[in-house]
Amino acid sequence: MHTQDLRVVFYVNQNIRNFQALRFNGPNHVFICHGESEKAYMWSNQLKAYDYVFSAGEAAKDRLAKHLRNFDPSERCRLIGRPQIDVNYTPPVTVNNELPTLLYAPTWEGDRPSMNYGSALSHGELLINALIKDGGFNIIFRPHPRSGMSAKPYGQAVERIRKRLDAHDDTSNARFIFDDSAHWGWQWSIADFCVTDISAVAYDFLATGKPLFVTAPVSGDATIDDSPALRQVPALSAQQADEIVRLAHDALNSNDRQLRELVEYYFGDISRGASMQRFIAETLSLVHEDSIADR
């Protein structure tokens with residue numbers, strides 16, 4: 001910190017080691033997170049430790065204004081959209097381009113009752129079985145890498161889904177892909193439709209403007225915020241999971257004006273390159289800002 005001309009330090013998650021760097025006054029400390037979501041994590045009181053928070057859009061500012069005391073989002077937030085959607089990702093797999101592709105990306109079971117949003121056990125097997133039986137959709141199944149860490153049955157459900165996809169992939173015209181690749185992003189361009197949980201994945205996919213469903217947690221302990229996204233994006237209950245084929249076709253054939261307005265509220269302009277340009281511009285404004293070390 002003392003030997004380099006550091007102007008901006010980015011933080012992607014809340015880690016106790018962040019606070020070793022935060023003691024230095026010179027650079028701008030900026031929390032960028034690793035996604036946009038309605039998890040309680042997104043309004044952690046720890047955000048007050050940083051000089052600025054790079055947020056996706058107006059929804060994030062409103063969320064922080066609602067949940068944090070003594071925090072002024074108009075002063076502390078910079079809106080950057082979702083720059084990740086402006087990166088070209090090379091897919092490591094191929095699909096049958098004559099069929100629509102559905103991305104199912106459940107989160108993990110969480111490490112506390114309030115974060116129990118994962119759907120692999122409650123929705124996943126019914127959903128995947130219905131899609132395999134229909135045969136009219138490519139499937140990309142990408143479970144959270146921490147699945148099963150806190151609850152063994154949850155990890156077992158993920159493994160059963162993987163085995164079922166592998167068993168039917170060679171005999172179907174559709175591609176059934178278990179995705180444990182290191183890269184996240186190529187799935188957005190391949191998938192036409194997404195089913196996911198209350199997690200950052202929902203907001204990554206929302207930024208594409210394509211249709212999606214967010215699963216309704218079966219746990220009564222899961223914290224669910226009354227957000228615009230959760231009010232407007234269709235919810236998928238466990239009882240509806242085996243109806244996914246019909247629901248997917250209905251969504252793919254609709255022209256949803258409300259969805260476009262929701263995307264604008266959460267991410268602003270999502271035209272090609274717009275988010276990346278905002279991220280770069282806001283970063284450079286902080287790089288060129290007079291730091292305490294310069295005074």
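1. Start with Arg82 and Asp204: both are buried, where buried is under 20% relative accessible area, exposed is over 50% and partly exposed is in between (1.4 Å probe, protein chains only). The two form a salt bridge, with the closest N and O atoms 2.4 Å apart; the term covers a side-chain nitrogen of Lys or Arg within 4 Å of a carboxyl oxygen of Asp or Glu. Arg82 sits in the loop between β4 (77-79) and β5 (101-105) and Asp204 in helix α7 (residues 200-206), so the pair ties together parts that are 122 residues apart in sequence. Helices (H or I, at least four residues) and strands (E, at least two) are DSSP runs, numbered from the N terminus.

2. A word on the ground rules: this is a predicted model, in which local features need pLDDT of at least 70 and side-chain atom pairs count only at pLDDT 80 or more, while totals for chains, interfaces and linings use all residues. Residues are numbered from 1 along each chain as its sequence is written, and side-chain values use heavy atoms, with hydrogens and water left out.

3. Back to charges: the structure holds 12 salt bridges. One of them pairs Arg112 with Asp111, the closest N and O atoms being 2.8 Å apart. Here Arg112 is partly exposed at 46% relative accessible area, and Asp111 is partly exposed at 47%.

4. Arg246 and Glu243 also meet through their side chains in a salt bridge (2.6 Å, N to O). Arg246 has a relative accessible area of 45%, which means partly exposed, and Glu243, at 32%, is partly exposed as well.

5. Is Ile244 buried or exposed? Its relative accessibility is 0%, so Ile244 counts as buried. This residue lies in helix α9 (residues 244-252). Leaving aside neighbours within four places in sequence, Ile244 is in contact (heavy atoms within 4.5 Å) with Leu102, Leu127, Ala130, Leu131, Phe193, Val195 and Leu236.

6. Now the sheet: it is open, has 6 strands and runs in the order β7-β6-β5-β8-β9-β10 with parallel pairing. Two strands pair if DSSP finds at least two bridges between them. The edges are β7 (176-178) and β10 (235-236), each pairing on one side only. Strands β8 (residues 193-196) and β9 (residues 212-215) run parallel and are joined by 3 bridges; Cys194 stands opposite Leu212 in β9.

7. The largest pocket has a volume of about 1000 Å³. On a 1 Å grid over the protein atoms alone, a pocket is an open set of points with protein on both sides within 12 Å along at least five of seven lines, and lining residues have an atom within 4 Å of a point. Grid points are joined across faces, edges and corners, and a volume is the space filled by probe spheres set on the points. The lining has 37 residues, of which His34, Lys39, Thr107, Trp108 and His144 lie nearest the centre. Helix α7 gives the most to this lining, with 3 residues.

8. The second largest pocket holds about 350 Å³ of space. Its lining counts 23 residues, with Ile32, Cys33, Gly35, Phe54 and Ile80 nearest the centre. At least two lining residues come from each of β3 (52-55), α2 (58-67) and α11 (274-287).

How values were computed:
On a 1 Å grid over the protein atoms alone, a cavity is a set of points where a 1.4 Å probe fits but cannot get out, and a pocket is an open set with protein on both sides within 12 Å along at least five of seven lines; lining residues have an atom within 4 Å of a point.
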